[in-house]
Amino acid sequence: MTKSILKVLNGEALDQPPVWLMRQAGRYLPEYREVRSGAKSFIDFCLTPDKATEVTLQPIRRFNFDAAILFADILLIPMTLGRKVWFETGEGPKLDPLSADDIAGLEIGDVEAILGPVGQTVANLSVALPAETALIGFAGSPWTVATYMIEGGGSKDRWNARRMYWQYPHAMARLLDLIADATIRYLVMQARAGAEVLKLFDSWAEGLPPPMFEDMVIRPTRRIVDGLRAAGITCPVIGFPKGAGPNYIGYAERSGVTAMALDHGLNTQWALDNLPERMPLQGQLDPAALRAGGEALDAEIDRIISAFRGRPHIFNLGHGITPDVPVAHVEQLVRKIRGE
């Protein structure tokens with residue numbers, strides 16, 4: 001039996017789209033909060049296979065989604081470059097800010113040893129998941145990871161990272177290549193442990209001028225996809241350049257990804273008109289609509305399914321599920337999509 005998501009990623013348009021949600025293993029679930037409370041830190045949580053396996057399985061048990069996505073974080077890769085990463089309660093991820101001079105001294109460490117617990121989580125899941133449920137591995141895309149490393153955490157406009165691109169282009173290119181090469185090794189490990197689909201999250205792809213988008217988003221993504229293929233990894237790759245707008249076209253044409261995840265701000269008809277006709281697309285429900293629930297949620301689900309009918313389409317959010325979403329609204333979404 002071919003899993004429904006794999007059918008779509010192979011270019012098949014299904015009458016009923018498969019569904020999973022970004023951040024489906026998360027704080028909106030009481031059972032997740034219970035497991036999280038027993039971890040020493042968020043990084044420790046991600047790198048403890050038993051806990052990471054359990055929270056990945058929780059939404060599958062509740063909602064029977066068509067895919068599970070590995071529970072981890074996009075900011076594990078800086079650890080393989082010798083950088084410290086930690087999470088402050090109420091503030092999010094923190095890193096020691098990276099300068100252009102610092103980049104010259106960076107080297108890739110033993111990725112497979114440092115992130116080996118993630119590979120074990122994937123191996124656990126490949127055995128524990130139902131036979132019909134696909135397993136998605138993932139990593140942060142190099143530009144997004146680089147912004148966190150340079151800024152020392154999240155940033156509204158990624159000012160320091162953007163400035164470094166223009167002021168120190170060779171240093172910035174080296175950083176992106178290091179992140180990409182470490183990511184290749186990380187994703188190869190995931191695929192060999194049992195991941196059937198890989199996803200690249202470029203959460204900060206918004207607001208980049210075309211030359212910068214080409215250099216910082218498309219080029220390193222292509223480097224990763226080519227590296228995976230050179231290593232014999234053939235599984236489909238979903239790219240998610242959130243907020244990229246018209247830059248989605250170049251990404252679809254030149255990044256090498258199999259499929260595109262669409263954010264909720266992208267005009268649906270524009271995407272259908274401008275992205276390759278047989279390229280599988282994923283998305284693009286506004287997370288706020290899921291939070292609202294009720295008739296508005298049903299109507300938006302209907303609109304999205306209708307718009308993508310006849311195209312290879314995976315139903316998902318346009319960004320991650322938020323912690324305040326009632327479990328009943330997720331149940332409503334799954335029932336609506338499946339016509340139950």
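## Accessibility and the predicted model

A residue is called buried under 20% relative accessible area, exposed over 50%, and partly exposed in between. Trp-204, at 24% relative accessibility, therefore counts as partly exposed. The structure described here is a predicted model.

## Aromatic pairs

A pair of aromatic rings is described by the distance of the centres and the angle of the planes. Across the whole structure, a search finds 11 aromatic pairs. One of them joins Phe-45 and Phe-71 in a tilted arrangement, with 4.9 Å centre to centre and 50° between the planes. Phe-45 belongs to helix α3 (residues 42-46), whereas Phe-71 lies in the loop between β1 (67-69) and α5 (77-80), so this pair ties together parts that are 26 residues apart in sequence. Both partners are buried: Phe-45 has a relative accessible area of 0%, and Phe-71 has a relative accessibility of 7%.

Tyr-148 and Trp-204 form a further tilted pair, their ring centres 6.4 Å apart and their planes at 50°. This pair links distant parts of the chain, 56 residues apart: Tyr-148 is in helix α9 (residues 142-151), and Trp-204 is in the loop between β5 (197-202) and α12 (210-230).

## An aromatic cluster

Phe-45 and Phe-71 also belong to a cluster, linked by ring pairs, that includes Tyr-32, Phe-42 and Phe-87.

## Charges over rings

Two lysine side chains are placed over aromatic rings. The charged end of Lys-84 sits over the ring of Trp-86, 5.0 Å from its centre. Lys-199 lies over the face of Phe-240, at 4.8 Å from the ring centre.

## Packing of α11 against α12

Helix α11 (residues 169-193) and α12 have axes that come within 9 Å and cross at roughly 35°. The crossing of α11 with α12 is right-handed. On the α11 side, the contact is made by Met-172, Ala-173, Leu-176, Asp-177, Ala-180, Asp-181, Thr-183, Ile-184, Leu-187 and Val-188. On the α12 side, Met-216, Arg-219, Pro-220, Arg-223, Ile-224, Gly-227 and Leu-228 take part.

Sorted by class, the contact of α11 with α12 has 11 nonpolar, two polar and four charged residues. Among the charged residues in the contact are Asp-177 and Asp-181 of α11 and Arg-219 and Arg-223 of α12.

Terms used. Residues numbered from 1 in each chain as written. Predicted model: local features only at pLDDT ≥ 70, side-chain atom pairs only at ≥ 80, totals over all residues. Heavy atoms only, no water. Phe/Tyr/Trp six-rings, centres within 6.5 Å; stacked < 30°, edge-to-face > 60°. Helix = DSSP H or I, 4+ residues; strand = E, 2+ residues; numbered from the N terminus. Buried < 20%, exposed > 50% of the residue type's maximum accessible area, 1.4 Å probe, protein only. Lys NZ or Arg CZ within 6 Å of the ring centre and 35° of its normal. Axes fitted to C-alpha atoms, helices over the stretch in contact; angles between N-to-C directions. Left-handed = near helix turned anticlockwise from the far one by under 90°. Contact = heavy atoms within 4.5 Å.
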